[in-house]
Amino acid sequence: MTAKIIKFPTDPTSGANGAPCDEEDARSNLNVVIELVDTEPSLFRNACVCADDSLADLHQVITGLFGWSDAHNYFFSQGSCRYEDPILYVGQDRLAARYRKIYSAAEVPVGSVLGNADTPLFYVYNLVNCWELRIHLEERASLESVAQEG
């Protein structure tokens, strides 16, 4: 796993954003925003992850960022697709799972799901308490577009 965890203040009202990926790594790395759904004020973390890392790797990054123990099952969802914790996925009939659009999170690269900006990626951890996160790419205006607007 090649994810780089960016230290982030615990106060969600500070408005600080984590540092972006280094420019030399920008082609293969993704700046992501991971926010807890339905919280006021918004509680979120920023991280820089490799596009080739699996969703299971992203799960490890998320548990580290939020200080969770990694003691619960999880799944990601995007549209009608579900990407399950490999422990949950083992019990799936492979043909039936593919028909129902259920995949192992260990086999899906982060870049393949975060590239679809039209449909958000959701993450659910601790299926009893159902902590739900929304994950999306950080939106940064390019210098050219800022210059054109000014």
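Are tyrosine 74 and phenylalanine 76 buried or exposed? Both are buried (under 20% relative accessible area, with exposed over 50% and partly exposed in between; 1.4 Å probe, protein chains only).

This is a predicted model, in which local features need pLDDT of at least 70, side-chain atom pairs count only at pLDDT 80 or more, and totals for chains, interfaces and linings use all residues. Residues are numbered from 1 along each chain as its sequence is written, and side-chain values use heavy atoms, with hydrogens and water left out.

**View 1. Tyrosine 74 and phenylalanine 76 form an edge-to-face aromatic pair.** Their rings lie 5.9 Å centre to centre, with 85° between the planes. Rings of Phe, Tyr and Trp (its six-membered ring) pair if their centres lie within 6.5 Å; planes under 30 degrees apart count as stacked, over 60 as edge-to-face and the rest as tilted.

**View 2. Tyrosine 83 and tyrosine 103 are stacked.** The ring centres are 5.9 Å apart and the planes meet at 25°, so this pair counts as stacked. Tyrosine 83 is buried, with a relative accessible area of 7%.

**View 3. One aromatic cluster is formed by Phe66, Trp68, Tyr74, Phe76, Tyr123, Tyr125 and Trp131.**

**View 4. Two arginines lie over phenylalanine rings.** The charged end of arginine 45 sits over phenylalanine 66, 5.1 Å from the ring centre. Arginine 82 lies over the face of phenylalanine 75, at 3.7 Å from the ring centre. A charge sits over a ring if NZ of Lys or CZ of Arg is within 6 Å of the ring centre and within 35 degrees of the ring normal.
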